[in-house]
Structures are given as structure tokens and as C-alpha cells.
Protein chains: 2
Amino acid sequence: MTLADVGPEEFRRAGHELVDWVADYRLKVAGLPVRSPVAPGEVLAALPTAPPEGPEPLAALIADLDRIIVPGLTNVQHPRNFAWFPSNAALSSVLGDIVAGGLGALGISWQSAPALTELEQVICDWARQLCGLSDGWSGTIYDGASTASLVALLVAREVTTGGSQRRGGLQAEKAPLTVYCSADAHSSVAKAAMLAGYGEDNLRLVPVSRPGREMDVAALSALMAQDAASGRRPTAVVATAGTTATTAFDPLADVCEVADKFGAFVHVDAAMAGSAMLLPECRGLFDGIEGASSLVWNPHKWLGSILETSLFYVRQPDLLVSVMATGPSYLRSALDGSVVQYRDWGLPLGRRFRALRLWALLRLEGAEALRARLRRDLDHAQRFASVVQRAPGWDLVTPVQLQTLCVLHTPPGCDGDALDEHTLSWCEAVNASGQAHLTPALVDGRWVVRVSIGAETTEWDDVSQLWAVMQEQAAASRGLRP
Amino acid sequence: MTLADVGPEEFRRAGHELVDWVADYRLKVAGLPVRSPVAPGEVLAALPTAPPEGPEPLAALIADLDRIIVPGLTNVQHPRNFAWFPSNAALSSVLGDIVAGGLGALGISWQSAPALTELEQVICDWARQLCGLSDGWSGTIYDGASTASLVALLVAREVTTGGSQRRGGLQAEKAPLTVYCSADAHSSVAKAAMLAGYGEDNLRLVPVSRPGREMDVAALSALMAQDAASGRRPTAVVATAGTTATTAFDPLADVCEVADKFGAFVHVDAAMAGSAMLLPECRGLFDGIEGASSLVWNPHKWLGSILETSLFYVRQPDLLVSVMATGPSYLRSALDGSVVQYRDWGLPLGRRFRALRLWALLRLEGAEALRARLRRDLDHAQRFASVVQRAPGWDLVTPVQLQTLCVLHTPPGCDGDALDEHTLSWCEAVNASGQAHLTPALVDGRWVVRVSIGAETTEWDDVSQLWAVMQEQAAASRGLRP
């Protein structure tokens with residue numbers, strides 16, 4: 001079939017074929033290597049260097065998907081993907097996105113797509129309710145948590161400076177503005193602080209407590225007091241609910257109390273762990289979150305929406321809008337002021353119909369099934385923690401708060417740099433096997449291996465298989481590097 | 001059908017149904033009103049306030065799409081959509097996105113998805129070649145041009161300050177940094193300048209020439225010289241290739257020459273008009289673009305990719321990376337340094353498999369067909385310009401550079417505020433009719449109506465129908481408001 005002009009009927013046929021292709025991919029993914037075996041440049045070399053002048057048949061596209069693209073992917077939808085954090089693309093959410101693509105709605109104003117705007121309002125509120133958050137929060141959908149942290153620090157900057165951007169900008173400010181986060185905060189927080197103009201010198205990495213690695217609030221308080229005393233302006237604290245390396249939870253209530261004394265903005269980065277708010281039994285970890293100014297969590301991680309679905313909530317949408325709004329003539333309408341204009345809630349002007357992914361996920365699966373899946377993963381993590389702790393030579397480096405374990409295998413007499421080498425070596429061997437995928441991280445200056453359980457299709461049998469590969473490769477590595 | 005657990009086989013069935021639903025929507029869209037007739041809050045009121053506990057059948061979702069969502073959308077895929085700029089979601093590109101959703105690849109590092117990274121490299125290069133740009137440009141895919149302008153101004157800030165973000169930040173800088181754009185630049189440029197910390201006081205809106213409304217380069221030069229003489233630091237010029245209101249083209253060669261004298265960064269915003277670079281006969285409008293530092297154009301507008309597909313090119317990727325890069329332990333790999341890490345090319349850490357949309361668009365349609373469609377639209381615009389100019393009482397306010405016309409209907413003796421009222425009145429009447437959709441804009445303090453031709457399915461007959469409605473409504477309005 002050649003699709004010179006891809007009209008509705010051609011789309012119907014090709015769409016069916018690609019839906020089938022996707023279904024077949026998901027059926028076979030468990031049999032593929034988790035980590036892509038390709039070398040740098042291999043995909044590049046397999047593709048034509050120039051674009052096609054004439055139309056190509058769908059079959060050619062599908063052949064290249066099979067021959068080049070799939071072998072070139074690390075399969076995060078694989079049941080034995082334990083790397084980074086889960087990045088579930090539930091097929092229910094893919095269904096919602098097919099509709100979004102097909103409608104081709106243009107989200108640049110309420111008027112350009114009323115249903116896009118109002119469904120986003122509804123979905124953000126549904127998600128809020130599922131998380132047990134009060135109705136004092138108003139939400140919108142961002143692409144990711146990096147954007148959320150940047151926006152939060154921009155809003156905080158404008159609050160502290162009384163709207164410097166409408167005058168001489170941050171560069172006209174005298175007393176330096178300072179930002180605080182734990183030493184274990186995500187790299188996007190430092191990036192946001194730098195991009196927002198605070199500068200690395202004004203970013204305070206607050207020490208973490210042992211062994212939980214949560215922010216040391218006494219240290220935070222001392223740093224803020226010291227900065228204030230020396231004429232600096234403590235502007236924002238980014239608290240992490242579930243750090244990337246070890247899933248540590250900063251004590252939100254205490255953080256908010258301290259920040260409040262200095263009039264600082266508190267942003268909560270719950271990118272991964274936010275999904276746990278769906279479970280009442282996990283909400284204790286988020287105690288105090290109602291005192292924060294903004295928060296972000298990514299349903300595109302553990303919960304299962306496809307990517308670029310990040311929920312950003314604020315207590316004061318007016319404040320957000322005052323920093324983000326523009327009012328060009330070509331976007332004005334008679335309804336301005338009486339409707340939500342999401343372009344004034346963040347960085348981009350235009351957006352896709354993002355809410356459909358979550359709408360489809362929540363409606364086709366239902367909240368109960370989603371909670372059951374999250375609980376399954378928590379249970380796997382606890383069971384696996386017991387297994388690891390009982391095994392000679394194996395340890396958990398930090399408490400297991402949710403579904404991610406930080407493990408260490410220590411051969412007799414092995415420590416220091418040799419231990420790091422051993423750790424990275426067996427981890428790489430697991431990944432090279434294609435049987436499972438893990439990623440390492442630095443904790444207290446030493447490499448540990450993260451086992452992040454929670455791919456949508458991961459069952460206990462997959463965890464068991466992972467454990468077998470881990471033991472095998474750690475033993476082999478021990479043999480090589482005593 | 002209930003999809004309690006949406007596995008591959010349920011997805012196959014539901015996917016076929018939704019693909020058919022999309023095809024049917026596209027077949028019937030020409031018969032729907034272009035602008036949504038819903039009132040604010042109407043969609044909201046039609047949706048449940050709480051999320052579903054149990055799974056719902058696909059049929060319920062589809063029923064709500066038909067009953068609530070579609071009537072709540074302004075149909076920008078409608079052949080008589082002439083509002084804003086074209087926002088084509090070509091079905092070929094939707095096909096590519098179905099694959100992206102289905103694969104669920106995680107673009108956070110080269111290793112997490114080699115094919116995602118390398119196909120993005122290939123596609124950005126294909127697009128570069130199609131535009132006739134030199135191989136001195138390296139590209140990446142952003143969500144939109146607002147992000148591109150923000151990134152460009154952040155990079156410019158760091159160039160001028162020698163990397164202030166790694167020290168005390170912009171707030172530690174003494175001599176104010178200044179930014180320049182034409183008075184007709186897109187609102188996102190001012191937003192970017194404010195968010196990047198320059199401040200409104202340091203944003204210079206350069207006057208535009210008459211009647212073309214391109215940036216007055218002599219005025220730019222004078223402003224930059226004056227700022228430099230008074231100790232300010234001219235940092236960046238944002239030149240627009242195709243402004244939003246009137247599609248004016250700033251003279252890029254002259255702008256670059258002036259900026260160069262002051263060592264200022266030049267970013268080209270070609271968000272809409274960039275597609276015209278595909279046509280050799282239009283490239284004269286972009287003369288001098290090779291002298292710029294960065295440029296953005298959005299294939300998700302006129303060309304036909306679905307939304308959140310914006311191409312950002314830079315001359316010096318190392319510079320971009322030096323501003324955007326972070327290197328957290330949990331993302332490190334042995335291959336760092338030898339591969340492209342797109343997370344270090346912009347704001348977000350993670351990305352979807354964005355390149356697939358453009359890959360499918362270019363391969364299933366072919367470059368020749370895309371160029372033919374763009375030429376069709378240019379031809380429609382020229383033909384329609386002749387029609388308008390010949391009609392008594394009708395005028396074109398600015399030269400027609402591409403496919404957007406700025407029209408004015410002046411009843412005898414009507415001017416000033418009365419003319420504005422008349423203009424907004426007949427434009428609104430056209431939109432309320434549902435027959436066609438137009439958006440007004442302010443030009444020189446007066447409202448004009450923009451006719452932006454270029455929806456994928458717009459044929460000459462649609463333009464003729466628009467013209468009939470315009471004449472009818474302008475006549476009716478004239479009757480009411482002489």
C-alpha cells in the first residue's frame with residue numbers, strides 16, 4: 001500500500017495495521033533483551049541520510065520498525081525492567097492518545113479547544129481526589145517534573161522580588177535570593193535553580209540524615225537563618241517526596257514549618273512517588289504536603305500514563321498566572337477572565353489534548369485496579385527485600401520506602417574502590433545479559449544498585465528471575481575481582 | 001466490552017475501534033461547526049466530578065467523545081479553519097505517534113532508548129536538508145517555540161555573562177543585559193525574556209517599518225549602540241521570520257550584521273513560516289539565516305505534524321549543552337561523551353519518541369507531496385488576495401508574504417473605534433455561524449481580521465465559501481453599525 005495522500009480511509013487501514021503491530025510488540029516484549037544491544041551510531045547508520053522525495057509504503061515503515069527501531073530500544077515495557085523508575089505506558093492510556101492525535105485539537109486558549117481545557121480541569125481534579133489532597137489545590141498537565149521545578153522556582157523568585165520580571169529583572173535585585181534542597185534532590189532542581197538565574201552559589205544542598213537520607217531539617221533551618229542574617233533572601237525550598245537514588249522522603253511538615261518562618265515558597269517534587277498517594281496506607285509519607293505551595297507528580301512513571309503527563313498543582317493559581325500570563329491581541333477573546341487559560345499556567349503556549357491519556361487510563365482501568373497494581377509492586381518490594389537481606393553477602397543500603405531497593409553485594413574482604421568496581425561490574429553483567437535491567441547510583445559516595453520494581457507487567461516470577469541473574473553475575477564478578 | 005485489564009488483545013480490539021472513530025471524525029469534520037458552540041463550563045458540567053472506581057466499557061468512553069468532547073472542540077482540522085495559524089495533524093503523523101505510544105520508549109539518555117535518540121538526529125537532519133539549511137546546524141525536537149525562545153535567551157544570557165549560572169547567577173551581574181525583538185514579535189519572546197530574568201525594562205521592542213512591518217534595523221542598531229554606550233550589555237536579538245499578526249519577515253542578514261557588532265546572540269523565531277523554507281522559491285525571505293545562532297520552526301503548524309513537534313537548531317551544540325547539562329549518578333553510563341544526550345539539549349529530562357511523528361509524515365507522504373500542499377496554499381492566498389483587493393470596501397492591510405492575509409472591511413465613512421467595532425463584529429458573526437473560523441489581531445492599534453489559509457484539507461472551494469460568509473456578515477454588520 002502506498003499512502004501518497006493519507007486520508008481517513010488510508011488511515012483506517014494503516015491504523016489497524018499499526019495497532020496490531022503495537023499489540024504484537026507488547027505480546028513479544030518479554031522475550032526481547034531488556035537493554036538494547038546496539039552500539040552508538042548503529043541505528044544512525046541503518047537509516048537513509050536524506051529524506052524521501054516520494055511516498056513510501058506502510059510496509060517499508062513497518063519493516064524498519066522491526067529491523068532498526070525495536071532492536072535499538074531499551075524495552076522499558078519489559079516485565080524485567082527494573083532500571084531508573086518505572087515508565088509504564090499502559091495500553092489504556094495509549095488508546096486515549098490515539099484519540100488525541102486524531103482529533104488534532106489545538107490547546108492555545110479556552111476558545112481554541114474548550115473540551116481540552118475543561119477535561120484537563122476535571123482530570124487534574126480527579127487525580128487530586130485520588131491522592132487524598134484537599135480541594136485547595138489546582139492542577140495542570142506539564143511535560144515533566146523538570147519543567148515543574150523550573151516554574152516553581154520562577155514563581156518563587158517573583159514572589160520574593162515582588163515581580164522583578166516586570167521591572168529590571170532578577171539582574172536588578174540586590175540581596176541575593178537563595179534556594180534550598182536536599183543533597184539527594186533530583187538533578188533537575190539544581191538545573192532549575194541555575195536556569196532561573198539564582199546561580200549555583202545560591203543553591204544550598206542541605207545534608208541528609210542517616211540512614212533514611214531525608215533532608216535534615218535542623219540543618220535547613222540553620223542554613224536559612226544564616227543566609228537571612230547575612231542579608232540574603234531565602235526564597236524557595238524544594239522538598240523531595242521520594243528521591244531518585246533511594247526514595248527518601250523529606251519531612252514535609254517540618255520543612256514547611258521552617259520555610260514558613262522565612263516566607264519561602266515550598267515546592268514538593270513527588271515525581272515518582274506521587275502515585276503512592278493513591279494508597280491511603282502510604283499517605284503518612286506525605287504528611288504536611290498541604291502546607292506546600294506547589295507540587296508535581298508524574299502519572300507517566302509508576303501509574304501508567306504515557307510520557308509527558310506530569311501533574312503540577314499550586315495553592316494559588318493567580319500567583320502562577322501573574323508570572324506566566326501574556327495577552328497578545330491575536331489570542332484575545334470575549335471570554336477572557338471567565339475561563340481557565342492554561343497557556344498562562346506554564347511555559348508553553350500550545351498543548352496537545354493531554355488529558356485524554358489520563359481519562360482513558362482512569363476510566364478503562366478504574367481506580368481500584370490501579371491501586372491493586374501499586375500494592376502488588378509494594379508487596380513485591382517487601383518480599384524481595386526479605387530475600388536480599390537473608391542472602392549472605394547481600395545488603396540493603398537504605399530502608400525500602402516504596403518499590404525501589406538499593407542493594408549492595410559485598411564479596412568477603414572487598415571494600416572501597418574495589419567494591420565500587422565489583423558493584424558496577426555485576427550490574428553491567430546483568431544488563432548485558434539482556435535478562436533484566438538495573439541502574440546503579442551513588443549513595444554516600446559509593447555505588448549501589450537500584451532495583452526499581454513496578455513495570456506494569458512485572459510479576460513475582462520476574463523478580464525471582466532477576467534475583468537469579470543478580471546472584472549469578474555477582475558470583476561471576478566476585479571470581480574475577482576479589 | 002469491559003477492559004478491566006487492558007492487555008494486548010483488548011488493545012487490539014479497542015485500538016481498531018478508536019482508529020475507526022478517528023477516521024469517521026475526519027470524514028465528518030467538514031460538516032461540523034468550525035468553532036465550538038459550547039459555553040464556558042458546559043463540558044465541565046457534563047463530566048462526573050469524581051473518578052471511576054471500577055473499569056468502564058470502551059463504549060462509554062466513545063459515547064462521551066461523541067456527546068461531550070467533539071461538540072466541545074473548535075475543529076482546527078476543518079477545511080474552513082482559517083483562525084490563528086494552521087495546526088495540521090496529518091493522519092500520517094498520527095500513525096507515527098500510535099507507534100510512539102505503543103512502544104512506550106523512555107528518552108532520558110542515549111542508553112535508555114538509542115533508536116529514539118538517533119532517529120531524532122536523523123529526522124532533524126532530514127528537515128534541515130529539506131529547508132536548504134547548511135550542515136552547520138544541529139537540531140532537536142522541543143514541545144514548542146515558547147520553549148525554544150526561552151532556551152535561546154538562557155543560552156545568550158550565559159554566553160554574555162561567561163556562565164553566571166555556575167557562580168552567583170544572573171542576580172550577581174552588574175551591567176544589565178538587554179534583549180531586542182521587533183514590536184510585532186510573538187508574545188512568547190517577551191515571556192521568555194522575563195522568565196530568563198532580564199526584566200521587562202531590559203527588553204527593547206524595536207519599531208517596525210511600514211507597510212511590511214519588518215524590524216527597522218537602523219532603529220535596532222541605534223538602540224543597541226545606545227545601550228552599549230550607557231554600560232548595558234546587548235545580549236540577544238530575537239528576529240522573527242513570519243510574525244503572528246501579519247507574517248512579516250525581519251531582515252535576517254541585516255539583523256545578524258548589527259548583532260554581530262555587539263557580540264549578541266541571534267535567535268530566529270520561524271515558528272509558523274519555517275515550513276516555507278521547504279520551497280526554494282520562498283527561501284529569499286530567510287536570507288541571512290545562516291548568520292544566526294539558533295532558530296526554531298514548528299512542523300506542527302503548517303507542515304502537518306501533530307502538536308508538540310518543534311524543531312530547534314543551533315550552530316554550537318556544545319554551547320547549548322554547557323548551559324543545559326547535568327550529570328547525576330543515576331543517569332551515567334560508560335558511553336557518555338560518545339553519544340548525543342538530548343536531555344542536555346533543553347529543559348526536560350525525559351521525552352517521548354517524538355521523531356516518529358515526523359518520520360511517518362515524511363515517509364508516508366514524501367517531500368514532494370508536502371511541497372505541493374504548501375504551494376497550493378500559497379496559490380490560494382494569492383488568488384484570495386486578488387479577490388479581496390478587487391472588492392469594494394475591502395482591503396489588505398499588509399503585503400501577503402505567505403498564506404496569511406490581514407483584511408479590513410471599511411463601510412463608507414466608518415473609521416476609528418467604530419471601524420474596530422465593525423471589524424470585531426463581522427469577524428465574530430463569521431465565527432458564530434460555524435461556517436468558517438477567523439481570528440482578529442491588532443495592527444498599528446487597529447483591529448484587522450487574519451485569514452490564515454493552510455488547513456490540510458482546505459481547497460479553493462472552501463476559500464470561496466469563506467469569502468461568501470465574510471461578505472454576508474460584513475454587510476449585515478454594516479447595516480447595524482454604520
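Me: Thanks! How many residues does the contact take from chain B and from chain A?
Reply: The contact takes 131 residues from chain B and 131 residues from chain A. Two residues are in contact if their C-beta atoms, placed from the backbone, lie within 7 Å. Before we go on, this is a predicted model: local features need pLDDT of at least 70, side-chain atom pairs count only at pLDDT 80 or more, and totals for chains, interfaces and linings use all residues. Residues are numbered from 1 along each chain as its sequence is written, while chains are lettered from A and ligands numbered from 1 in the order in which they are written.

Me: Changing topic: in what order do the seven strands of the open sheet in chain B come?
Reply: The order is β1-β7-β6-β5-β4-β2-β3, with mixed pairing. Strands pair if DSSP finds at least two bridges between them. At the edges are β1 (138-142) and β3 (203-206) of chain B, each pairing on one side only.

Me: How many bridges join β4 to β5 there?
Reply: Five bridges join strand β4 (residues 233-240) of chain B to strand β5 (residues 265-269) of chain B, and the two run parallel. Val238(B), for one, stands opposite His267(B) in β5(B).

Me: Over to chain A. Why is helix α7 said to be largely enclosed?
Reply: Eight of the nine residues of helix α7 (residues 187-195) of chain A are buried, so the rest of the structure largely encloses it. A residue is buried if 20 or more other C-beta atoms lie within 10 Å of its own, with C-beta atoms placed from the backbone. The buried ones include Ser188(A), Lys191(A) and Leu195(A).

Me: What covers them?
Reply: The cover includes α6 (145-160), β2 (177-182), β3 (203-206), β4 (233-240) and β5 (265-269) of chain A, together with α6 (145-160) of chain B.

Me: What comes just after that helix?
Reply: Just after α7(A), Gly197(A) takes a positive phi of about 95°.

Terms used. Helix = DSSP H or I, 4+ residues; strand = E, 2+ residues; numbered from the N terminus. Buried ≥ 20, exposed ≤ 12 C-beta atoms within 10 Å, placed from the backbone.
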